[in-house]
Amino acid sequence: MSNTGWATGAPLAATPDWVDELLLAGDDRDVCLHFGSPVDRAALRHAVADRADTLRRLGLTRGGSIALRLPPSLAYVANLLAAWRIGAQVALLDHRLTAYETDRALDRLQPQVVVSFSGTLPGGLRAFYEVTDVAEARDGRPAETGHAVVQLSSGSTGPSKVIARTAEQLVAEVDRYTRIDGVPLPGERVVLLASVVHVLGLVGGLLYCLHAGVELVLPERLTVDAILRAVEAGDAPTTLLGVPFHTELLASNPNPPKLPQLKRMTTGGELVRAEVAQRFTERYGIVLGNMYGMTEVGVIATDLFGEHRPSLMPAPGITVRESDGELLIATPESPYVGLSDPTRWVDGWLHTKDAGRVDPATGLMTVLGRLDSQVSVGGLKVDLTEVEHTLAALPGVESAVVVYDGGIEAFAVVPDPDAAAALEGELAIRLAPYKRPRVLHIVEQLPRTATGKLVRDRAVLRTADPTAAP
């Protein structure tokens, strides 16, 4: 069932004025964003026009290229929409990249204009910042393709890829959201925990909310107390939008306050572990919805009412099929720019590299984990996702990653020494001998990507435990 009455159901056209028509339209007084203080549509339009003037003075024109290295902020939103209004291609760089990583990305992308921020950002798990944005022209080159946005993949399992999407594809995804039953409706609120630099927060949060007339709120900090204060600050029905890390964070609160306006939490990315989902729903008394997507496509499938967990229904307009145990998504063209693995997009099908199945009777799809999580140990098949979830569910384990390199290897955060000492015995009860990690590393912290996903690149994981063999 779609949200009829405010969405036409027909695909929206990405005209040259798509930003004004689809994202900035509305009553001047309507509050659309909340970055510490409310921002109405008149103020947002003024900020976008101001940045557009600055970018034009630096020589940015239709078909030009620009890179944004800004934290979540009004400045980020204003520069992004301003560049799109001009007709430029925007590359999004996470503000948490090091100077070395940023320079490498800029050398790779060669933008004509770079917008960054002055000074040093404060710490403290902030969800948004008040920054002074600084735009500078550089000796770059115009956009070589007609894409509106360029992003670097998170690199959770290896080097990042350059992924690009057109304005038409962004508009189609916003329209796709409007036709999914259970998404926030006009007049409601979304408290966004995912980064607006990455696809879930960018399209599912920022662009959808601007189009749909949903107030987008960023909490002051990504802590339990700050998130709950952001929910409490408004009376309208409120949805939390984040990743499994945020669900685990909120589920750790044993006595959350009553929040009558909180109607749902939706997570994207990896599937929330069953015991975490149960603890979250018991403590908050709301639906925990699930969403599956990729930077290359955006939202692919959802289960916003938690009815089919762990399965999901493909989103409107998305075609999914299973081939040799892998999920494939129908896409008319490759989303990759520059050098890329030629096996990722073949004959109109994007290979997700995720193991899964599609039920021919219901159309429901189930993501079974990374395709490379299926390994052979002594001729016996082992699903590393099963091992990882089993380890992560043990008492005292805060997070865990399981990888394979000639043998099963696990990295776990276990603050309690007694719980750490008991892990191998607990695993012996729950897993057959051939499934158990050959080596178990107890570490203080596990590396995560900018989107909150646990990194599974063994070379990176090794930095978490200097004693790990190379």
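This is a predicted model: local features need pLDDT of at least 70, side-chain atom pairs count only at pLDDT 80 or more; totals for chains, interfaces and linings use all residues.

Visitor: Why is Cys32 called buried?

Guide: Buried means under 20% relative accessible area, exposed over 50%, and partly exposed in between (1.4 Å probe, protein chains only). Cys32 has 2% relative accessibility, so Cys32 counts as buried. Cys209 is likewise buried, because its relative accessible area is 1%.

Visitor: Why is Ser323 called partly exposed?

Guide: The relative accessible area of Ser323 is 24%, therefore Ser323 is partly exposed. Ser323 lies in strand β16, residues 320-323; strands are DSSP runs (E, at least two residues), numbered from the N terminus, and helices are such runs of H or I with at least four.

Visitor: How many disulfides does the structure hold?

Guide: The structure holds zero disulfides. A disulfide is a pair of cysteine sulfur atoms within 2.5 Å. For Cys32, the nearest cysteine sulfur is that of Cys209, 10 Å away, and Cys32 is in no disulfide.

Visitor: What describes two packed helices?

Guide: The angle between their axes and the distance between the axes describe them. The axes of helix α2 (residues 41-57) and helix α3 (residues 74-86) come within 8 Å and cross at roughly 60°; axes are lines fitted to C-alpha atoms, for helices over the stretch in contact (heavy atoms within 4.5 Å), and angles run from 0 to 180 degrees between N-to-C directions.

Notes
Residues are numbered from 1 along each chain as its sequence is written. Side-chain values use heavy atoms; hydrogens and water are left out.
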